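Colleague: Before we discuss this model, may I see the sequence and the structure together? I should then like to go through it by question and answer.

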Amino acid sequence: MNDTPSKPTTVDEYLATFEGEPAERLAAVRAAIHEVLPDAEEKLRYDIPGVAIQGRYWLHFAGWKKHIGLYPVPHTDGELEERIAPWRAAKDTVNLPYSKPLPLDLVRDITRLVVDLHGGD
């Protein structure tokens with residue numbers, strides 16, 4: 001008998017590994033992405049949820065000890081980049097700390113940015 005927990009194989013299984021506020025925040029981020037992409041396919045890629053736009057995986061999200069990460073978030077110009085900048089943790093990474101209010105409007109705008117930049121590829 002194998003008592004080692006199996007690795008999640010679906011996004012739902014991945015999300016079920018979280019509890020409390022992190023689980024609620026991940027569900028809210030997932031919902032915000034799907035508001036912009038209601039028919040998007042999703043599956044685990046690199047052991048984290050990935051969302052497909054026209055069959056290609058362009059946006060990933062993951063829960064960590066102190067934040068939710070969005071990857072990759074391309075740089076853009078103007079007002080949207082000014083809104084993204086305080087959340088950037090690396091070149092193409094956005095971290096949403098559990099200690100701050102969850103910017104769901106920004107998550108939706110990042111999703112739109114990714115669609116606009118890559119949706120037609």
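**Contacts, burial and local geometry**

Colleague: Leaving aside neighbours within four places in sequence, with which residues is His-67 in contact?

Modeller: This is a predicted model, so local features need pLDDT of at least 70 and side-chain atom pairs count only at pLDDT 80 or more, whereas totals for chains, interfaces and linings use all residues. Residues are numbered from 1 along each chain as its sequence is written, and side-chain values use heavy atoms, with hydrogens and water left out. Contact means heavy atoms within 4.5 Å. On that basis, and with sequence neighbours up to four places away set aside, His-67 is in contact with Ala-62, Asn-95, Leu-96, Pro-97 and Tyr-98.

Colleague: Is His-67 buried or exposed?

Modeller: His-67 lies in strand E4; helices (H or I, at least four residues) and strands (E, at least two) are DSSP runs, numbered from the N terminus. The classes are set by relative accessible area with a 1.4 Å probe and protein chains only: buried is under 20%, exposed over 50%, and partly exposed in between. His-67 has 19% relative accessibility, so this residue counts as buried.

Colleague: What covers the buried residues of H4?

Modeller: The buried residues in H4 are Leu-106, Val-107, Arg-108, Ile-110, Thr-111, Leu-113 and Val-114. One of them, Ile-110, is touched by Val-94. The cover over the buried residues of H4 includes H2, E2, E3, E4, H3 and E6.

Colleague: How far apart are the end C-alpha atoms of H2?

Modeller: The expected span of a helix is 1.5 Å times one less than its number of residues. H2 has 17 residues and should therefore span 24 Å. This agrees with its end C-alpha atoms, whose separation is 25 Å.

Colleague: With which side chain does the side chain of His-34 make a polar contact?

Modeller: His-34 is found in helix H2 and is among the buried residues of that helix. A polar contact is a pair of N or O atoms within 3.5 Å; within protein, one must be able to donate a hydrogen and the other to accept it, and residues adjacent in sequence count only if both atoms are side-chain atoms. The His-34 side chain reaches the backbone oxygen of Leu-37 at 3.3 Å. At 2.8 Å, its side-chain partner is Glu-42.

Colleague: What is the phi of Tyr-46?

Modeller: Most residues other than glycine have a negative phi, and most peptide bonds are trans. Tyr-46 is found in the loop between strand E1 (41–45) and E2, and its relative accessible area of 68% means that Tyr-46 is exposed. In the loop between E1 and E2, Asp-47 is also found; its phi is positive, near 65 degrees, and its 46% relative accessibility makes Asp-47 partly exposed. Although Tyr-46 is not a glycine, its phi is positive, at about 55 degrees.

Colleague: Are the planes of Tyr-14 and Phe-18 stacked, edge-to-face or tilted?

Modeller: Rings of Phe, Tyr and Trp (its six-membered ring) pair if their centres lie within 6.5 Å; planes under 30 degrees apart count as stacked, over 60 as edge-to-face and the rest as tilted. The structure holds one aromatic pair. The ring centres of Tyr-14 and Phe-18 are 5.3 Å apart and their planes are at 55 degrees, so the pair is tilted.

Colleague: The charged end of which residue sits over the ring of Trp-87?

Modeller: A charge sits over a ring if NZ of Lys or CZ of Arg is within 6 Å of the ring centre and within 35 degrees of the ring normal. At 5.5 Å from the centre of the Trp-87 ring, the charged end is that of Lys-100.
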